[in-house]
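User: I would like to go through this model label by label. For each label, please set the value against the criterion and conclude.

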Amino acid sequence: MTVSDGEDAATSSNQEATEQAASTDLRFKYRTLLFKTKEKRSELVRPDSTGLLETLEEMNQLFARVKNPREAVYDSNVLKLASELGQEQAENLQTNMTEFDRNIFAEKLVTYMDGRCRSASQRDSPPELDWAKLGKYAASMFNVTAKLDFIYGPLAMEPIIKTRAARERNVQKKPTESEKKKPQQLQQEEQEESTTKEVQRVLKAIHKLTEPKSGTYEYVPFFQFIVDPSSFPTTIENMFHLSFLVKDGKVKLYTDDENTPVVKIDIHQGAVPTSTPGTTRAINPSQVVVAMTIQKWKDLIREFNITEAMIPNVKKRVT
């Protein structure tokens, strides 16, 4: 080992330590910003407050330093809170617009059409309104001459005779032997069976990792669980199959104390216990969209130091 090799190793070690320190400092600033925003919630939602703009500017400055998925999760949490506060601030705004009162409008029309200029002997009879005066004033607002049409349409018009088309009875045609099972249907059935098997394989892997006796995890880390360091397509398939388990309520997906997504077996199967013993209530489902690119896949492998896939891959795929 030469002197230059030792210097390169020391430089690389110092660079990694610097990046780790910068990442830790960035997460601390995100947590501080999130706590400060929650603490000033009542002040930020006031219509005359500009605190949300200052929060967004600080978020933009911090986001320019984001390089890892964990910091991006912190940024999304702060952005979600800021959007909620922005909605509350918009609801607190008052437009102070004048409402239209039809009674006042009618009184002004009567006054304009000389309906109030009557003698004492005419007050007991209904007022005679000068509609021509109102018509002349309204006509000045229109630059297009009104079209003249007959009430019953053109004079030379032949009566329209309506004819009803004879309806044909829908006779259900029985499928022939060749149409009963088409190759496309068989292919679709095989694909559904394959998807079901893959979903069950992912569920078995979660059971194995979280088993009280032999398992190594109480909550399975989401990214370490789905990422296959040897295959990007397999990682996408793992996310797809896991989504079926979340949809069916067999597993739960949520964040831990560090706002990192984790996976856990749902013992209530999509429901939670209520105050009445032996009863449960359904959980309102929510959807989450996770974007995955090749670059993010590589970043996750490097960030979490993933060397082996948690979900056994029955087929060797070439990335």
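Analyst: First, a term. A helix here is a DSSP run of H or I with at least four residues, numbered from the N terminus. The model itself is predicted. By that count the protein has 11 helices and 5 strands. Thr55 sits in one of the helices, α3, residues 51–63.

User: Why is Thr55 called buried?
Analyst: Its relative accessible area is 8%. Buried means under 20%, so Thr55 qualifies. Beyond its neighbours within four places in sequence, Thr55 is in contact with Leu33 and Thr37.

User: What makes Leu85 buried?
Analyst: Its relative accessible area is 0%. The limit is under 20%, so Leu85 counts as buried. Leu85 belongs to helix α4, residues 69–91. Setting aside residues up to four places away, Leu85 touches Thr37, Arg41, Leu44, Val45 and Leu52. Leu85 and Leu52 are 33 residues apart along the chain, yet their C-alpha atoms are separated by 7.9 Å.

User: How much of the protein counts as buried?
Analyst: Of 319 residues, 24% do. The protein exposes about 25900 Å², with carbon and sulfur atoms supplying 54% of that area.

User: What makes a group of residues a nonpolar core, and which residues touch the most other members of the largest one?
Analyst: The members must be buried, come from a nonpolar set such as Val, Leu, Ile and Phe, and be joined through side-chain atoms within 4.5 Å. The largest core has 27 residues. Ile206, Phe225, Ile226, Leu242, Leu245 and Val251 touch the most other members. Two or more residues each come from α8 (183–210), α9 (222–226), α10 (232–247), β3 (261–265) and α11 (294–304). Helix α8 gives the most, with 6 residues. Apart from this core lies another, of 14 residues, including Leu33, Leu34, Leu81 and Leu85.

User: Which residues does Val251 touch?
Analyst: Not counting residues up to four places away in sequence, the list is Leu203, Ile206, Leu242, Leu245, Val246, Val263, Lys264, Ile265 and Asp266. Val251 also stands opposite Ile265 in β3.

User: How do you know that β2 and β3 are paired?
Analyst: Pairing requires at least two DSSP bridges. Strand β2, residues 251–255, has 5 bridges to β3, so the two are paired. They run antiparallel. Their hairpin has 5 residues between the strands, and Asn259 there takes a positive phi near 60 degrees.

User: Why is the Asp25 and Lys29 pair called a salt bridge?
Analyst: The closest N and O atoms are 3.6 Å apart. The cut-off is within 4 Å, so the pair passes. The two are 4 residues apart in helix α1, residues 3–39, which means about one helical turn between them. Asp25 is partly exposed at 31%, and Lys29 is partly exposed at 34%.

User: What makes Asp114 and Lys133 a salt bridge, and which parts does the pair tie together?
Analyst: The N to O distance is 3.7 Å. Asp114 lies in the loop between α5 (102–112) and α6 (131–139), and Lys133 in α6, so the pair ties together parts 19 residues apart in sequence. Asp114 has 32% relative accessibility and Lys133 has 31%.

User: Are Glu198 and Arg201 buried or exposed?
Analyst: Both are buried. They form a salt bridge, with N and O atoms 2.4 Å apart at the closest. Both lie in helix α8, 3 residues apart, about one turn. The structure holds 9 salt bridges. Shared partners join Asp25, Lys29 and Arg65 into one network.

Key
Residues are numbered from 1 along each chain as its sequence is written. This is a predicted model: local features need pLDDT of at least 70, side-chain atom pairs count only at pLDDT 80 or more; totals for chains, interfaces and linings use all residues. Side-chain values use heavy atoms; hydrogens and water are left out. Buried means under 20% relative accessible area, exposed over 50%, partly exposed in between (1.4 Å probe, protein chains only). Contact means heavy atoms within 4.5 Å. A salt bridge is a side-chain nitrogen of Lys or Arg within 4 Å of a carboxyl oxygen of Asp or Glu. Accessible areas come from the Shrake-Rupley method with a 1.4 Å probe; for residues, only the protein chains shown count as cover.
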